[in-house]
Amino acid sequence: MEQGDLVGQIDQDRVDDADVLELLEPAVREWWVEQFGGYIEQNGGYFTPPQKEAIPLIHEGENTLVCAPTGLGKTLSSFTSIINELYRRERDDGLANTVYCLYVSPLKSLANDIHRNLEVPLEGIHENLEADGADVEPIRHAIRHGDTEDRERTQMLEETPHILNTTPETLAILLNAPRFREKLQTVEYVIVDEIHAMAANKRGTHLAVSLERLENLTETSPTRIGCSATIEPVEEMAKFLVGQETSEGPVRDYEIVDTRFVREFDLELVCPVEDLIGTSSRTINDRFYKQLDEAIKSHDTTLVFTNTRSGAERVLHTLREEFPGYSEENSGCHHGSLSKTARQAVERKLKAGDLDVVTTSTSLELGIDMPTLDLVVQVGSPKSVASLLQRVGRAGHRVGDTVKGRVMALDRDDLVECAVMLAAAEDGFIDRVFIPEDPQDVAAQHVYGMAINAIHRESDIYGTLKRAYPYRNYAPPDWGQLMRYLTAEYAGLEDRNVYAKIWRDANDPPGGEHHYKEFEVGEHLIGRRGRLARPIYFQNVGTIPDSFTCNVFTRSDNEWVGDLDEEYLDTLGPGDVFVLGGRRFEYRYRRGSHVYVDPTDDRPTVPSWFSERLPLSYDLGCEILAFQGELLNHLDRGGLPGLRQWLRELPLDENAVYALSEMFAQQVDYAGSNSVSTDTRLVIEEERDEDDFKRRFYVHSNYGRRFNDGLSRIIANEVAQAAKANVAVAVADNGFSLSMPLNRKVDVAAVIRALEPDDIRPALRLALDGTDLLQRYFRINATRSLMILKRYKGHEKSAQKQQVSSEMLLGFAESLDDFAVLEETYREILEDKLDVRGIETITESIQAGEVEVVDHVVSSPTPRAFGLATLASSDVVLADDENAVLQAFHERVSTSIDEA
């Protein structure tokens, strides 16, 4: 298209983003219109909303966070201005053999369609330039990550990519690679893609510090661009992206392109039957698969999310076995346990539109473009609004398409969660992301990395850390603690083969043994220790922990009965019962990679899926409690008809309306409205089981599994001491249960009422003493802190051997004062895994009288406690045994109501 024709078309269409198109170089502008066509009615112009806002900001060099649902061109909006600027420079002066733009993604495979967002534009624009007779070199780009071959790495030094695509871990290595560091001095743009997938974990923290180290290296401050799906709080994410100008602030300037809610959503909660208890599991299952089959056959491509990998496999297997038309040619499964080859084959078919349905757990939340995908089905609760929107947002990528998602609830707890989730999504609610604060293990890696590169002023290294947003509150005592570890000040540490990583001293006067003329005399300096520092750093950098499976043996005869993933072991304590190989076992203890158990006939306390499923978010848990309070008000004022009328205003099908209303009506009839937890009431019900000679407490704390895992540990510790008996604990997202002998009496409500917010952290630390959870996380943090080396002198230490080493070091670490690695272990468990802040918040509310603790005694669990009372050993999709137990509870409740 000739330039004059294009300008004429802009005038004719009178689009409101003509000024954005005018910012682009003629060849770039021409490619854009050729690629995407002219005026796009749904966008009111040539660009999607995030593109319309982001391209001008990036053109002006503004730090920008682009928040938008999947499919609106966030990544392309980031690249467009950069490509435009690089082609302008190439035309005017030519580009140097160096890196101008870094693109950082959390995905090692970089599967979030770089081809579409980078290769296609570069090739198309260059073809246009050649057609116009322009003599310009192509803009080079390359991918660099841990699997990049040595030959390719060497080639990048000789012919350097102008745009380098990499991962957080590889960026940290490049910052310490002597020859490649020079190539990074010219970086002017950094794109952080899928920032929402990193901010809440240590990969994001690691990246935040790397960006500050890059800032120290570059000639000018790079423009930072973040691409995020639906996330909250947006301002916090922007600050995380840009960091601080100085160690004491303020944060760098930034702009936010917030187009999270511009797409049209068609969401509905679907329930296979009106009664999820009285209906047999076989009937529920049959109707679920029939509905799923009908949905798949009425759409081009359907993506089905389940909450476990085994669930994804089972759904696909059932479709192929019981319904006509499904084969390996038109259906597939995609999750992390499958081979890379198998996953890539499914991805290729998805992109080509050759598959009718793909089942997955979490592996397709991010990544490839699926142009024909027009329906997402979520089986069960995805546990957060953000996760729901991320998953259903994979559908409807054509401009103007509506995002269509169906959530199928197959049990009562999921029914409540999903109803609240969909209503909250319609209201624009999003769960918050919490950024780890001041992690010492990540700090240890980066301080070591900076010391390896050169001798630095201590204040400069400390200041670099503090400019990274996760370390903005990093205090001198934290720094001193880290220095004592890195310099191996602790007596006996080097005797255990944990050596100093750095030296720390004041600069000597001229003529002194350690005088460095580039620094003032007396300045505090830091440098590296050890001749192998650089290879140690290169081979051990990163935050993703290794994991392993443990062999399970019976104590009585040392019989091997199977394997357990160590993450699942985090959920087990002595006395917990689980299912393995169809048999039930009571967990006793663990030694290294061996677990010892006793056979038992007791009911399982920890479901087999526990470690696989995402935990319910604290924010969504609070929304559920508020919803339950509002629901009770409607039931009280309008009875069942009034409640159903209100529920029909929500995105629920009629079965879901009936199932929800019946459950809460039955709950109130059986135990009263005070038996339901709300945002102002925490309910504890006590069941006295004469048959099993058990006293069980069901704590309806609907704040999520992380919260309940933490609170239950504190309460169980207190109760065990008060009752002088072993206490079994079972944890779920909507609460937890405590079980003890019937002849032991204890007031659990009084224990909770007596909790003081200031006592929560010490109490939780005490409850963690000697646990497998503490041992495992100490190993992970010791490895991240380079206290234990995964790789050294060509030898690799397996996760099992790392665990053995860490168990020998843990006792020594516990004898030390403020040992950085151990303190970080406690911080990570308390804050990142067990939601200590949420527990403190609720105990503050209880102390302030804002939340009332109510307890009552029942002869059988109430309907809202059914889930807690039947934590079983298999997924709820097909659990016949669990269904029988639920029906027994249901019959007892119904009989009690009828007799009242």
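The following conversation goes through how some descriptions of this predicted model are reached.

Mentor: Residues are numbered from 1 along each chain as its sequence is written. Because this is a predicted model, local features need pLDDT of at least 70 and side-chain atom pairs count only at pLDDT 80 or more, while totals for chains, interfaces and linings use all residues, and side-chain values use heavy atoms, with hydrogens and water left out.

Trainee: How do you know whether the radius of gyration agrees with that of a compact globule?

Mentor: The radius is taken over C-alpha atoms, and the globule rule is 2.2 Å times the number of residues to the power 0.38. For 900 residues the rule gives a value near 29 Å, and the protein has 29 Å, so the two agree. Along its principal axes, the C-alpha trace spans about 90 × 75 × 55 Å.

Trainee: What makes Val851 count as buried or exposed?

Mentor: A residue is buried under 20% relative accessible area, exposed over 50%, and partly exposed in between, using a 1.4 Å probe and protein chains only. Val851 has 6% relative accessibility, and therefore counts as buried. In the protein as a whole, buried residues make up 59% of the 900 residues.

Trainee: Which residues are in contact with Val851, leaving aside its neighbours within four places in sequence?

Mentor: Contact means heavy atoms within 4.5 Å, and by that rule Val851 touches Asp679, Thr680, Arg681, Leu682, Ser845 and Ile846. Val851 itself is found in the loop between α30 (836–847) and β28 (852–858), where helices (H or I, at least four residues) and strands (E, at least two) are DSSP runs, numbered from the N terminus.

Trainee: Why is strand β6 described as largely enclosed by the rest of the structure?

Mentor: Six of the six residues of β6, residues 223–228, are buried, so the strand is largely enclosed. In a regular strand the side chains alternate between the two faces of the sheet. In β6, Thr223, Ile225 and Cys227 point one way, Arg224, Gly226 and Ser228 point the other way, and all are buried.

Trainee: How many bridges join β1 to β6, and do these strands run parallel or antiparallel?

Mentor: Two strands pair if DSSP finds at least two bridges between them. Strand β1 (residues 64–67) is joined to β6 by four bridges and runs parallel to it, with Thr64 opposite Ile225. Strand β5 (residues 189–192) is also parallel to β6, with four bridges, and there Val192 stands opposite Gly226.
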